[in-house]
Amino acid sequence: MKDVSEIGPLVNHRYLVKNYGPSMVDVLTVKISWPFQVENQKPQGKWLLYLTGHPVVKNGAGSCRLPAGHAPNPLNLDSTQSEESNSRQPKSGPENLLLPYSELLDVHNGEKSQSPTEPPEYSTEERGRVRREVEQIVSPLRVHSEDPNDPGQLVVRLDCDRGTAKCITVTCQIYNLKANNSFTIEIKSRLWNATLVEDYSNIDRVEILSKAAVIVDPVYTQEVSNDYKSIVTVALPDHQLEPLQTPSWWIYVVAVACGILLLVVIILILTKIGFFKRKRPDDELDYMMSANFEKARLNGDM
């Protein structure tokens, strides 16, 4: 894999934060739990939401940072698309959103792990255990609807709080947010298709949860009930198209019968309008020759 476009579809998240006042907030912190890998009980999990750009703050004074040792596009893949050209430097301008809405966070206030140079030696039993750990995947849940006849769907939920995903914390700080003003935090990534195809191809859907929380200084009296939001990215399997089937024999029989019937109808219509009874040039010539012969005979009698 050389280009980020080969990873999978774009997954862009926008978090809208608004200060409903009545006063300005000097410093506001937003922490976003970002599921970048699937939990597999190993130091290195399988990629999930692969960051392709640095998180950015739009329409506000502030910036975002990633934890130490983490950076966008850690595999240094090439990018041929301008929307992902900010893998190293924050820029503004996402135009393509996967989710049809932006999550709203409200503010109410009052007054590389290093691998060893040589692989460790394992016994036969230990090798079997390591192999099972490598192949470990998240178990699906069967989710039922209100319909008692519904057999349910197999759903995998990748959530850091459930221990099924590995997350990094994106920390954004915004300064001097005035009352009734808002700003947007945007995170650009790509869904790692290979992980879903390898481990969850037989699952009805995969739900990937990212979460955000707003933190303000305790000196502000704040309504905290709406300061926590989650975004669920739903991945559905792309089933292969079934091969085209040969039409049944009766379809050919019906088609031939319809063609013959149409031909009979056309012939009947042409017969009714006298199409087949019109005078032909040969008939007219015979009539003229007969008339001339009769005239010559009469002249001879005279």
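**Exercise 1. Which residues make the nonpolar surface patch of about 790 Å²?**

Before the solution, two remarks on the basis of the work are required. The model is predicted, so local features need pLDDT of at least 70 and side-chain atom pairs count only at pLDDT 80 or more, while totals for chains, interfaces and linings use all residues. Residues are numbered from 1 along each chain as its sequence is written, and side-chain values use heavy atoms, with hydrogens and water left out.

*Solution.* 
1. The patch is made by L261, L263, V265, I267, I269, I273, F275 and F276.
2. A patch consists of residues with over 30% relative accessible area and no salt bridge; like charges are joined within 9 Å, and nonpolar side chains (Val, Leu, Ile, Met, Phe, Trp, Tyr) within 5 Å. Accessible areas come from the Shrake-Rupley method with a 1.4 Å probe, and for residues only the protein chains shown count as cover.
3. One of these residues, I273, is found in the loop between α3 (249-272) and α4 (281-301). Helices (H or I, at least four residues) and strands (E, at least two) are DSSP runs, numbered from the N terminus.
4. I273 is exposed, at 61% relative accessible area. Buried means under 20%, exposed over 50%, and partly exposed in between (1.4 Å probe, protein chains only).

**Exercise 2. State whether E186 and its salt-bridge partner R14 are buried or partly exposed.**

*Solution.* 
1. E186 and R14 form a salt bridge, with the closest N and O atoms 3.0 Å apart. A salt bridge is a side-chain nitrogen of Lys or Arg within 4 Å of a carboxyl oxygen of Asp or Glu.
2. E186 is buried, at 2% relative accessible area, whereas R14 is partly exposed, at 23%.
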